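Here are my notebook entries from a sitting with this model.

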Amino acid sequence: MNRVKRALAPYLLVLPGGLWLLLFFVVPMATMLSLSLQEGDIVNGYVFTGHWQTYVEAISGYQTQLIRSLVYGAITSLILIVLAFPVAYWIAFYGGKKKTIYLFLILLPFFVSFVLRTISWRMLLTDDGVLLHPLKEAGLLSAGFHILGTPVAVIGGLVYNFLPFMVLPIYVALERIDPRVVEAARDLYATPATAFRRVIFPLALPGVFAGVLMTFVPASSDYVNSELLGGTGTTMIGQVVQSKFLTSSDYPSASALAFTLMAVLLVGVFAYARALGTEDVMKVAAR
């Protein structure tokens, strides 16, 4: 009897989370997949016909927005790595007893709504805002200079909103590095740059890997930043899906676009994992 309980214990522990995912993820996704293959309208209802042409029409009609979303997500992830790594490195190796305070300050913006944070970014970048207006008054910028409605504003908002998602995983990976390993590299006459390239960065790869996954996927599918900070030339696929669901009530096309985006992101994530060498990363993480 005890042997049976021990065998069932892992499954019983996973059961609540598994049921939650089944109810609120698998079932809605299956429903949306079925809806993407239906035909009809909001008035007369939808009927499942296995209409795969919806995917062809959706992809051909919005491939520009799809590619733009992936490019914005990739650029955002690269910028986040450049910005987050020094911050995580400094906290991990020089934060001392105040590491918790520094991490709290990084997470502090998350106590404010995502939309409100994006609106505050919009207020900062507006033509008569506290950033551009004084520079224009001083003659440092032309009167026609603007940032809102450009890719710079959208990517800047994405970087601002997702920065903690990159800092925290990298910090965790750096925190696990034994300082004696770095000291050993220096004892072997490695320069600081060589020690970073050959020791610190490879050991931090699990954090970089996790950080990219946590930023690239939501940044590519985001629509709030492109809606509030962008213009007609910065429309992302998330905006198209949101509009088709809530404005035009074109549920099949919206579902097809959502599944297409998910499939492309999955392919991108698997390609990234293969290029980085997931097995090597996991071996490093397990040390």
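I began with Asp-127, which is partly exposed at 36% relative accessibility; for me buried means under 20% relative accessible area, exposed over 50%, and partly exposed in between, with a 1.4 Å probe and protein chains only. This is a predicted model, so I asked for pLDDT of at least 70 for local features and 80 or more for side-chain atom pairs, while totals for chains, interfaces and linings use all residues. Residues are numbered from 1 along each chain as its sequence is written, and side-chain values use heavy atoms, with hydrogens and water left out.

Asp-127 forms a salt bridge with Lys-136, and their closest N and O atoms are 3.9 Å apart. My rule for a salt bridge is a side-chain nitrogen of Lys or Arg within 4 Å of a carboxyl oxygen of Asp or Glu. Lys-136 is buried, at 18% relative accessible area.

**Entry: other salt bridges**

How many salt bridges does the rule give? I get four.

One of them joins Glu-175 to Lys-99, with the closest N and O atoms 3.0 Å apart. Glu-175 sits in helix α7 and Lys-99 in helix α4, so the pair ties together parts 76 residues apart in sequence. I take helices (H or I, at least four residues) as DSSP runs, numbered from the N terminus. Glu-175 is partly exposed at 36%, whereas Lys-99 is buried at 17%.

I also looked up Lys-244 and Asp-250, which form a salt bridge with closest N and O atoms 3.6 Å apart. Lys-244 is buried at 12% relative accessibility, and Asp-250 is partly exposed at 25%.

**Entry: helix α4**

Which residues of α4 are buried? I find Lys-99, Leu-103 and Ile-106. They cover an arc of only 55° around the axis, so they lie on the same side of α4; the arc is that of the directions from the helix axis to the C-beta atoms. These buried residues pack against α3 and α7, where contact means heavy atoms within 4.5 Å.

**Entry: the nonpolar cores**

I count a nonpolar core as buried Ala, Val, Leu, Ile, Met, Phe, Trp, Tyr and Cys residues joined through side-chain atoms within 4.5 Å. The largest one has 44 residues, and Phe-85, Ile-170 and Leu-174 touch the most other members. Helices that supply at least two residues each include α1 (2–36), α3 (63–94) and α9 (192–221). The largest share, 10 residues, comes from α7.

Leaving out residues up to four places away in sequence, Ile-170 touches Ala-84, Phe-85, Ala-88, Gly-207 and Val-208. I then noted a second, separate core of six residues, among them Leu-125, Ile-147, Ala-153 and Leu-229.
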